[in-house]
Amino acid sequence: NIPTAAYEIFDDMEKALAYIETCEIPVVVKADGLALGKGVIIAETREDAKEAVRSMMEDKVFGDSGNQVVVEEFLTGPEVSVLSFTDGKTLVPMVSSMDHKRALDGDKGLNTGGMGTVAPNPYYTEEVAKECMETIFLPTVEAMNAEGRSFSGCLYFGLMLTPKGPKVIEYNCRFGDPETQVVLPLLESDLLEIMKATANGTLDQVEVKFADKAAACVVMASDGYPVKYESGFEIDLPAELADNENIYIAGAKLDGDKLLTAGGRVLGAVAVEDNLKAALLSAYKLVGQIKFGNAVYRKDIVAGCKPDISKPGTTVSIKGLHNLIFLVMIVAAVILSGVLPTMPMFQDASGAVRGIHIYGHVTLTFPALIEIAIILVAALLSFKTTSVSIRQANHFTWGAIEEVAVLFIGIFITMQ
């Protein structure tokens with residue numbers, strides 16, 4: 001009774017193809033074996049689904065792992081990865097994380113082993129965590145014990161938060177990559193003591209504590225991954241890293257004193273900060289300091305996230321707050337344009353508004369000068385915030401475009 005997607009298993013290709021003729025689309029096609037995290041195809045059309053089945057069962061793109069395939073219901077909703085420690089009796093979840101499987105921005109392209117992660121997952125609330133513990137985590141441990149398959153170690157839950165509640169996408173019996181890169185840096189307890197307790201069956205006697213911070217990992221890959229790509233490019237790394245930064249090397253090799261690319265996912269740039277937004281900005285800033293030929297990476301990690309990620313639990317984002325301050329300053333300038341000219345201190349003896357004559361026939365009044373000063377300060381703040389966010393994220397975002405648009409609209413209205 002553990003909630004998961006509806007599915008059918010096939011070891012006959014013709015039967016799988018016949019089933020695809022009538023099943024709901026989109027559909028998920030999985031190689032029922034180990035495939036380095038790449039044996040899952042999300043098919044948007046029936047032809048795509050059939051091609052996925054043929055590539056696995058007939059062309060053997062995943063070897064013997066494709067002898068059997070799973071055709072599974074396509075679930076929608078945010079994905080959540082939850083690693084956990086268990087000694088077979090006690091289960092202790094680690095901090096949640098959010099992986100980005102698709103190769104390209106906008107969740108486009110083929111599935112990969114993971115192009116970036118953040119922890120904690122902004123969708124994984126305390127209420128969702130409680131539901132998962134009651135309906136998925138503990139029932140999984142109890143079911144394995146009931147089957148005589150008691151498990152101790154690191155149990156990985158791949159979940160999707162569907163409109164009908166959390167459902168299991170996958171299990172694994174190891175630390176996930178690249179989830180581990182953002183989960184373990186937040187662990188404050190002694191990992192060795194936890195592992196010993198897990199092996200000895202005394203997990204309920206040790207403290208497992210995570211920092212109230214956030215971590216982000218951006219994976220830098222070889223262009224063409226996860227299909228065909230070139231390797232052998234020299235990797236240029238920063239000379240020093242800050243205490244809150246890490247670079248985890250994956251697809252690389254040493255050639256003398258040179259570090260060369262030697263795989264699809266080459267490395268992960270990781271940063272830990274007080275909140276998710278800061279962690280993402282720092283991780284992308286670190287990416288900007290790493291160079292190698294044909295390097296690619298996703299530029300939208302958590303970009304489509306609905307919850308505010310500036311600080312867990314807040315409802316006003318940093319970007320929204322600074323736009324609000326800017327708009328308040330613009331409104332203040334508009335109001336002052338009607339109030340200041342009526343004040344005696346800005347009028348001469350004849351009642352005319354004082355000002356500065358430019359080119360003999362253009363007068364710039366003192367109230368107008370004050371209003372322009374307010375607009376310029378607001379503009380400076382907006383441009384500074386926007387340019388910092390672009391520079392730190394190493395790319396121009398739709399959020400930055402929105403900020404610039406707000407700036408110019410405000411200035412236009414005020415000047416009118």
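Patches are made of residues with over 30% relative accessible area and no salt bridge, where like charges are joined within 9 Å and nonpolar side chains (Val, Leu, Ile, Met, Phe, Trp, Tyr) within 5 Å. I took accessible areas from the Shrake-Rupley method with a 1.4 Å probe, and for residues only the protein chains shown count as cover. A salt bridge is a side-chain nitrogen of Lys or Arg within 4 Å of a carboxyl oxygen of Asp or Glu.

**Basis.** The model is predicted: local features need pLDDT of at least 70, side-chain atom pairs count only at pLDDT 80 or more, and totals for chains, interfaces and linings use all residues. Residues are numbered from 1 along each chain as its sequence is written, and side-chain values use heavy atoms, with hydrogens and water left out.

**Surface patches.** I looked up the nonpolar patch and found that Val-331, Ile-335 and Val-339 make about 250 Å² of surface. Ile-335 sits in helix 7 (residues 318–339); helices (H or I, at least four residues) and strands (E, at least two) are DSSP runs, numbered from the N terminus. Ile-335 has a relative accessibility of 52% and counts as exposed.

I then turned to charge. A surface patch of negative charge gathers Glu-14, Glu-44, Asp-48, Glu-51, Glu-58 and Asp-59. Here Asp and Glu count as negative and Lys and Arg as positive, while His and the chain ends are not counted. Each charge is placed at NZ of Lys, CZ of Arg, CG of Asp or CD of Glu.

**Salt bridges.** I noted 11 salt bridges in the structure. In helix 3, Lys-130 and Glu-134 lie four residues apart, about one turn of the helix, and their side chains meet at 2.8 Å, N to O. Lys-130 is exposed, at 51%. In helix 5 (residues 191–200), Glu-193 and Lys-196 are three residues apart, again about one turn, and their salt bridge spans 3.5 Å, N to O. Glu-193 is partly exposed at 37%, as is Lys-196 at 40%. Salt bridges that share partners also join Glu-21, Glu-47 and Lys-50 into one network. Asp-99, which pairs with Lys-101 at 3.3 Å, N to O, is buried at 8%.

**Cysteines.** How many disulfides does the structure hold? I found zero, a disulfide being a pair of cysteine sulfur atoms within 2.5 Å. Cys-23 is buried at 8%, and Cys-217 is buried at 1%.

**Backbone.** Most residues other than glycine have a negative phi, and most peptide bonds are trans. I recorded exceptions. A cis peptide bond joins Asp-177 and Pro-178, with omega about 10°; Pro-178 is in the loop between strand 12 (165–172) and helix 4 (180–183). The bond from Tyr-225 to Pro-226 is likewise cis, with omega near 15°. Lys-60 has a positive phi of about 60° and occupies the loop between helix 2 and strand 4 (69–73). Asp-107 has a positive phi near 55° and is partly exposed at 44%.

Ala-143 and Asn-1 are 142 residues apart along the chain, yet I found their C-alpha atoms separated by 9.8 Å. Ala-143 is placed in helix 3 (residues 126–146).

Definitions and conventions: Buried means under 20% relative accessible area, exposed over 50%, partly exposed in between (1.4 Å probe, protein chains only).
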